Amino acid sequence: MTTPVEVATHCPYCALQCGMILREHADRRVEVVARDFPTNRGGLCQKGWTAAELLDHPDRLTTPLLRDPEDGVLKPASWEDAYDFIVTKIKGIQERHGRDAIAVFGGGGLTNEKAYALGKFARVALRTKNIDYNGRFCMSSAAAAQIRSFGVDRGLPFPMAELSHADTILIVGANVNETMPPFARYLTEQRARGGVQIAIDPRATATARAATLHLAPTPGTDLALANGLLHIAIMEGLIDEDYIATRTTGFDEVRKAVAGYWPARVERLTGVPIADLETTARALASGRAIILTARGAEQHSKGVDTVTAFINLALALGLPGRPGSGYGCLTGQGNGQGGREHGQKADQLPGYRKIDDPAARAHMAEVWGMSPDEIPGPGISAYELLSALGTVDGPKAMLVFGSNPVISAPNAVYTEARIRDLELLLVADFVLSETAALADVVLPTAQWAEEDGTMTNLEGRVLRRRALRKPPPGTGTDLAVITELASRLGGDYGARFDSDPRVVFEELRRATAGGVADYAGVTWERVDAEDGVFWPCPSVDRAGTPRLFEVSFATPDGRARFVPVEHRPVAEDVDADYPLYLTTGRVLTQYQSGAQTRRIRGLQGKPFVEMHPDLAASLGIVAGQECRVTSRRGTMTAPARLTEHIRPDTVFTPFHFPGAARANSLTGDALDPISRMPEFKVCAVRVEPGEDL
Ligand code: SF4
């Protein structure tokens, strides 16, 4: 009997990066075994248990595809022909329209090595400023708010294990019981210890129902709610004057700003009863407390200010940097943290450096062997990039790695039209996603269990992804694709890239050295030996940094910055024509655009439109009936799901599904002025009965 091949690695999906063992049997069947790792402690969710099913899935792409100009059909092609086609097109487009006519769109699921190589490829080989990634749609508001207040953005600035020791946890806009079940076990423990949990969500999600107290504000009013909590804390003498005086700046402006958020006004703005506001403020001030935000607070045209309001509250209560206390953001994508540190963002260079900082440009120019003036950028953000595609002044080509923007971008009818207008769309993926289906050329790539690399989870812990087996014949790794394209683009580009992830990581260490997200002391050997290393880790003889802000913040004076913020209305409020709020989100069985999880037999999630029974009755809709949801931008249809766990003025639909059920056909294009995050979480719609049962 042959001994199965085993490898210890991590789940391919969300930012928990749960530990798992992959065990390959003689018949190639791959078994998933949960392993003990701090984020999952031996548990996995349905997505993790079924993750190996995609490895040998019949939808797996194993040959490049080129669109036949005669009949417009994607047809199998050789790698040689595919590369020739791509490079000829890129060179032609750049000759006619300039270097910025090529756009690169990355993903928050790419390994650190790929994220770094993709950012370098855009700036060094293509010399285009136009690179951004789907993480802009995920946690960019929290990232911008944390940088503004703390000088650094690390999702959780403390290890997850500290959650169990908090007396109070406030969860804003996160349904972790569905999106990250192993995370929810920490919450269960905290409640079992007698801890208080308060959830803020317009829906009574599984997470909100498990909480001690659920606040259900009107969508788009979280900022007013946070300012109201701080108002109460100040009025009741709950704030930490000593912490404010010694560790922060700017509190007086915030004190003035929240003076106008008296409880009766906040109750009117948010719909949350005064008694619940008071209970929440007092609970947060009664011991160790943690405030967590996620997409519900962040995916708004005022997402940065909303997160800032919760950070102001945390600072006033003296929470950041103390054991069992603090503020954190629940990053969603598998490498949402690392993906935003290494240069995929239009405005950033590796090490979380700002691209318009002369010192950062000089540092990266040295690593990349070019002049600082030659580094292009800053570019424009993800939605702005997508909405400019194919326009007179916009990019004429886009290279997509690890993303499916046809499903995940807002205002999707429009953005899909822009994508269709491109002269060249290249998609590197392992299945024919909805975006790949529109491509001129598709390159079949390796999957997570077929290549080595590192990821950085929501705690800032650098982890090792390990290959179980080689990629199937006919496929290539993303790093190999980037290296080959760089080589064929000419000059000495080929010599500056490498398809070996370990070599890329060594360069990444040099690139991030001295930056905010410093990986200089992180080696693959250390990550293996310690089962993860927290950044910043500036040298190999220093330990990683599990908890930030114990002594100082990453600002020039070491103090956290209070920033006054004011409530403002949502970009598109309800009116007579569109009288309901729409909010979108995730379900347990699906991950992001669903391109992977919709293909797995055991994950049976279906689209639906969730609404209150009173609303359904007023619209003449019964449970299970197909209904039509319409916004100013588009329409979607899906069966009605009736529940009293949602406000009667709001409907919810998950965004994982394509075709007629595509939720982002409805969402709008209002952007946060700082993070450029689209307002996914609220727009105005009307709902009508569709076809009869
Ligand atoms: Fe863990 Fe997230 Fe994977 Fe589920 S999807 S097993 S919560 S990493």
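Trainee: In strand 9, which residue is the bridge partner of valine 172?

Mentor: Start with the terms: strands here are DSSP runs of E, at least two residues, and helices are runs of H or I, at least four residues, numbered from the N terminus. Two strands pair if DSSP finds at least two bridges between them. In this model, the strand 9 partner of valine 172 is isoleucine 200. Strand 8 (residues 168-172) and strand 9 (residues 196-200) run parallel, joined by five bridges.

Trainee: Before we go on, what kind of model is this?

Mentor: A predicted one: local features need pLDDT of at least 70, side-chain atom pairs count only at pLDDT 80 or more, and totals for chains, interfaces and linings use all residues. Residues are numbered from 1 along each chain as its sequence is written.

Trainee: What is the strand order in the open sheet of five strands?

Mentor: Read across, the order is 10-9-8-12-13, with parallel pairing. Strand 10 (213-215) and strand 13 (326-329) are the edge strands, pairing on one side only. From one strand to the next the twist averages 15 degrees; angles run from 0 to 180 degrees between N-to-C directions, with axes fitted to C-alpha atoms, for helices over the stretch in contact.

Trainee: Which strands does helix 12 touch?

Mentor: Contact means that the C-beta atoms of two residues, placed from the backbone, lie within 7 Å. Helix 12 (residues 274-284) packs on the sheet against strand 8, strand 9, strand 10 and strand 12 (289-293), and its direction makes about 120 degrees with that of strand 10. Helix 14 (residues 303-316) lies across strand 8, strand 12 and strand 13, at about 175 degrees to strand 12.

Trainee: How do I read a helix pair, say helix 3 and helix 20: roughly parallel or roughly antiparallel?

Mentor: Use the angle: under 35 degrees is roughly parallel, over 145 roughly antiparallel, 65 to 115 roughly perpendicular and the rest oblique. The axes of helix 3 and helix 20 (residues 478-488) come within 10 Å and cross at roughly 15 degrees, so these two helices are roughly parallel to each other. On the helix 3 side, the contact includes Leu118 and Phe121, and on the helix 20 side Leu479 and Ile482.

Trainee: And which residues come nearest to the ligand?

Mentor: Near a molecule means a C-beta atom, placed from the backbone, within 6 Å of it. Of the 14 residues around the ligand, Cys11, Cys14, Cys18, Cys45 and Gly48 come nearest. Helix 1 (46-49) and helix 6 (181-192) each supply at least two residues of that shell.
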